[in-house]
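Me: I would like to learn how to read a few features of a model. Please take them one at a time.

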Amino acid sequence: MAQVLVVDDDRLIREQAREILTRAGFEVAGLPDGREIFDRIRGNMVDVILLDIVLPEGSGLDILPLIKGLDPDLPVIIVTGHPSLDVAIEALKGGAYDFIQKPFAPEQIVSAVRRAAERRRLDLRNKSLMLELSEKIHEVVILKQVGETISSTLDLQAILAALLGAAKDALHSEASSLLLVEEATGDLVFEVALGERGGRVKEFRLKRGQGIAGWVAEHGEPLCIPDVSRDPRFLTQVDATTGFVTKSILCVPLEVGGLTLGVLNFTNKIDGKRFTREDLRLANRLAQQAAQAINNARLYHLAVREPVSGL
């Protein structure tokens, strides 16, 4: 349901517009002036604005460029009781979507708002599709870079470091680590750790099932935890020792042929937001590449009877 904001100092006009547009299926809010408009725009609480030209604090035409500065694609319909060609031209030049005259007929305001709401819906859909396309292109580029690194060397440490660095940048995480299952003990050991206090992290080893990484290795299932303080599986000793503050974790298993070789671990989004489903999908794709590289290195070094660190 599209959200319409009616900004007019005339209470009767606001009530009339609310009644007409509510019956037409819109969600309608009213304001007597323009002071709260910007908070509503920042809060994504409006899809169409009906803006009167004459307001207590000045002209709606002065507010229009400020609205467009916050959200250039937000449809603004200018409403006035004293229309003129010059005012209409000024409004449209300022970015107004439409221009209607008071008193307005119900079919006139409904038609104008309906067209504006559809325009808004299409704009938001296009933005979403463009963002999705951009993310897919970014993912393809990262996977291609990692694939080229894997195919260019048999040095497992170089492969893992390059892969983890690319993954950390792609997921915008503060820190990342790759833990491998030690064949002799079944413990998880930190093979590569990037980010603040990465060197200290590598001092730890985890039992199978211990901590979030241990749980992922034991169950072979990914975990995306937005707040580790609420998860009893989180191992607080690592932060206590390193001084790093873990807030959120994305952890995925490294698997080949049903065998778990280790886990990829990502900690804290740089922007403070949560890890997304897209992050999880990319992490799983990178984990597949990492697991295959590890398995290939294992098979190669077994063939030439050379030991591989961590394997």
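Me: At the start of α3, which backbone nitrogen does a side-chain oxygen of Ser59 reach?

Reply: This is a predicted model, in which local features need pLDDT of at least 70, side-chain atom pairs count only at pLDDT 80 or more, and totals for chains, interfaces and linings use all residues. Residues are numbered from 1 along each chain as its sequence is written, and side-chain values use heavy atoms, with hydrogens and water left out. The oxygen of Ser59 comes to within 3.0 Å of the backbone nitrogen of Leu61.

Me: Which residues of α3 are buried, and which are exposed?

Reply: Buried means under 20% relative accessible area and exposed over 50%, with partly exposed in between (1.4 Å probe, protein chains only). An α-helix has 3.6 residues a turn, so residues three or four places apart point the same way. In α3 (residues 60-70), the buried residues are Gly60, Leu61, Ile63, Leu64, Ile67 and Lys68. They line one face of the helix, because they fall within an arc of 145° seen down its axis (the arc is that of the directions from the helix axis to the C-beta atoms). Asp62, Leu66 and Gly69 are exposed on the other side. Helices (H or I, at least four residues) and strands (E, at least two) are DSSP runs, numbered from the N terminus.

Me: How many disulfides are there?

Reply: A disulfide is a covalent bond between the sulfur atoms of two cysteines. The criterion is a pair of cysteine sulfur atoms within 2.5 Å, and a search of the whole structure finds 0. Cys251 is buried at 0% relative accessibility, while Cys224 is partly exposed at 36%.

Methods
Polar contact = N/O pair within 3.5 Å; in protein donor to acceptor, adjacent residues only side chain to side chain.
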